[in-house]
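Hi everyone, thanks for making time this morning.

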Amino acid sequence: MLFDSIASLVRIAIVGTCAYVALVVMLRASGKRTLSKMNAFDFIVTVALGSTLAAVIVDRDVPLADGVAALALLVYLQYAITWAAVRFPRVQALLKSEPTLLVHDGRYLDAAMRRQRVTREEIAASLRQHGHEDIARVACVVLETDGSLSFVMRPG
């Protein structure tokens, strides 16, 4: 069957639109940090928000108010945890990994690369994407806490 009834489609359109608008308002109110580059914690919250939004839209047994309350709780928890992480180093240490040096003075640090599961090919591809070609011209490559690679080039 293509759909249950026109009423279910109308409910999805109305509830989905309301829940989506509520989520956008909450995310804007919670600040830029909620939508920043993701670390593992941010990724989990994003997946939870998406799952909750989907449940509100599709599951007839979840009232809109309950869904919006669940979304608000997740956004609040994200805000509270990031607020605490900025103020308390122990909280930050629990949530974020440290950046890892992968290349130093043009030389690959193979042990660090193995621990972080990064290949030379991935570093070379990212180096090219940043407009550089020669690893020998790199002072260092750092795997950042959000999984991106940062390059510091040697002068000249």
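Let's begin with what lies over helix α1: the cover on its buried residues includes α2 (40-58) and α3 (64-87). Please keep in mind that this is a predicted model.

Which residues of α1 are buried? They are S8, R11, V15, G16, A19, A22, L23, M26, L27 and S30. If you like to think in helix turns, an α-helix has 3.6 residues a turn, so residues three or four places apart point the same way. As for length, α1 covers residues 6-30, and at 1.5 Å a residue its 25 residues should span 36 Å; the C-alpha atoms at its ends are 36 Å apart, so the two agree.

Now for the strands. β1 (residues 100-104) pairs with β3 (residues 138-143) in the antiparallel sense, over four bridges. β1 also runs antiparallel to β2 (residues 107-108), joined to that strand by two bridges.

Last stop, the largest pocket. How much space lies in it? About 160 Å³. The residues lining this pocket are S97, E98, T100, Q116, R117, L143, E144, T145, D146 and G147. By type, that lining divides into one nonpolar, five polar and four charged residues.

That's my tour, so over to you for questions!

Note on methods. Residues are numbered from 1 along each chain as its sequence is written. This is a predicted model: local features need pLDDT of at least 70, side-chain atom pairs count only at pLDDT 80 or more; totals for chains, interfaces and linings use all residues. Side-chain values use heavy atoms; hydrogens and water are left out. Two strands pair if DSSP finds at least two bridges between them. On a 1 Å grid over the protein atoms alone, a cavity is a set of points where a 1.4 Å probe fits but cannot get out, and a pocket is an open set with protein on both sides within 12 Å along at least five of seven lines; lining residues have an atom within 4 Å of a point. Grid points are joined across faces, edges and corners, and a volume is the space filled by probe spheres set on the points. Ala, Val, Leu, Ile, Met, Phe, Trp, Tyr, Cys and Pro count as nonpolar, Asp, Glu, Lys and Arg as charged, and the others, Gly among them, as polar. The expected span of a helix is 1.5 Å times one less than its number of residues. Buried means under 20% relative accessible area, exposed over 50%, partly exposed in between (1.4 Å probe, protein chains only). Contact means heavy atoms within 4.5 Å.
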